[in-house]
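Here is a short briefing to read alongside the model.

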Amino acid sequence: MHLTSLLLLIPAVAASCFHNTPLARRATAPSFGYTATRGPLNWYGLDPNANAACATGTHQSPIMIGSTQISKVDNSTITLFIPTVSDLEFENLGTTIEVPLTNGTLVVRNNTYTLAQFHFHTPSEHRIDEEHFPMEAHFVFSDEDGNIAVVGYLIQLTSTKDHSTPLLNTIFEDVDEISEPGSSTELGLLDFSSVTRHFTNNDIYTYSGSLTTRPAPRV
């Protein structure tokens, strides 16, 4: 699996987007989705009171990224660190599959964000030059003031395991065990060096937007 890196910065005004993540656990099955009448275009219609921001904002994520138009980050201004860990819970939340993890850090322009979780979407939510990717991973961070930063990876499939990302191979070996919403399993050793190294050594697209879960305030 090949990776393309994104950095999404979200001001504290959008903090309610933590709804339905480990920062604000969902108590019931989700009432929204990502396709058809339950998808983002109709989130406001699903609950106009709770999702009012979905109809009024101007910087809603995800977006179509024009590779020649969007900003890129100077890699020297960002530090991403996620240590090797084991025995993490791998959960099916109904709208995504997710791993809570709180011992990683992201430093952007001298501001430190702490990791909360990472999760996956298929197909990708973002597009580059109109192209969807088979899958997208989001690592969600927040700072002391409630500002959010999301490190995203657009994931392209490869034909051989030799050219794939070891971290993803390890995680998805167990994906069949969480096929039902609400199910979970325990993961073995996870080494994040391949994804942090990719983030450090390659171009990073960046923009200001929102998280991609309802109520999804736009900022």
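Tyr207 counts as buried because its relative accessibility is 15%, under the 20% that sets the limit for a buried residue. This tyrosine belongs to strand E14, and the model it sits in is a predicted one.

**Strand E14 and its partner**
- Strand E3 (residues 71-72) runs antiparallel to E14 and is joined to it by 2 bridges.
- Within this pairing, Ser71 stands opposite Thr206.
- Ser71 also has its C-alpha atom 6.9 Å from that of Tyr207, although the two residues are 136 apart along the chain.

**The chain as a whole**
- You will find 4 helices and 14 strands in the secondary structure of the chain.
- The chain has 219 residues, and 50% of them are buried.
- Its accessible surface comes to about 10,600 Å², with 50% of that belonging to carbon and sulfur atoms.
- Of the contacts between residues at least 6 apart in sequence, 68% join residues at least 24 apart.

**Strand E8 and the strands it pairs with**
- E11 (residues 135-142) pairs with E8 in the antiparallel sense over 7 bridges, and Phe118 has Phe139 in E11 as its bridge partner.
- E6 is also antiparallel to E8, with 4 bridges joining them; here Glu98 stands opposite His119.
- E7 pairs with E8 over 4 bridges, again in the antiparallel sense, and Val108 faces Asn111 as its opposite number in E8.

**The turn between E7 and E8**
- The hairpin of E7 and E8 has 2 residues between its strands, and Arg109 takes a positive phi near 50 degrees there.
- Asn110 is in the loop between E7 and E8, and its phi is positive as well, near 70 degrees.

**The loop between E8 and E9**
- Thr122 is linked to Pro123 by a cis peptide bond, with omega near -5 degrees, and Pro123 is found in the loop between E8 and E9.
- A polar atom of the Ser124 side chain lies 2.8 Å from the backbone nitrogen of Phe133.
- Beyond its neighbours within four places in sequence, Ser124 is in contact with residues including His132, Met135 and Leu154.

**Nonpolar cores**
- The largest nonpolar core has 36 residues, and those with the most contacts inside it are Leu106, Phe118, Phe139, Phe141, Tyr153, Leu190 and Phe192.
- Apart from that core lies another, of 11 residues, with Leu6, Leu8, Val140 and Leu154 among them.
- Tyr153 touches partners from several parts of the sequence, among them Leu3, Leu80, Phe139, Val195 and Phe199.
- In soluble globular proteins, nonpolar side chains tend to be buried together.

- Leu93 lies in the loop between strand E5 (89-92) and strand E6 (97-100).
- At 15% relative accessibility, Leu93 is under the 20% limit and so counts as buried.
- Ser184 is 91 residues away from Leu93 along the chain, and their C-alpha atoms are separated by 9.0 Å.

**Where to read with care**
- The chain has a mean pLDDT of 76, and 66% of its residues reach 70 or more.
- Over residues 13-29 the pLDDT stays under 50, and the model gives this stretch 37 contacts beyond four places in sequence.
- Residues 213-219 also have pLDDT below 50, with 43 contacts in the model beyond near neighbours in sequence.
- Where pLDDT is low, the predicted coordinates should not be read in detail.

Conventions: Residues are numbered from 1 along each chain as its sequence is written. This is a predicted model: local features need pLDDT of at least 70, side-chain atom pairs count only at pLDDT 80 or more; totals for chains, interfaces and linings use all residues. Side-chain values use heavy atoms; hydrogens and water are left out. Two strands pair if DSSP finds at least two bridges between them. Buried means under 20% relative accessible area, exposed over 50%, partly exposed in between (1.4 Å probe, protein chains only). Contact means heavy atoms within 4.5 Å. Accessible areas come from the Shrake-Rupley method with a 1.4 Å probe; for residues, only the protein chains shown count as cover. A polar contact is a pair of N or O atoms within 3.5 Å; within protein, one must be able to donate a hydrogen and the other to accept it, and residues adjacent in sequence count only if both atoms are side-chain atoms. A nonpolar core is a set of buried Ala, Val, Leu, Ile, Met, Phe, Trp, Tyr and Cys residues joined through side-chain atoms within 4.5 Å. pLDDT is the predictor's confidence in each residue, from 0 to 100.
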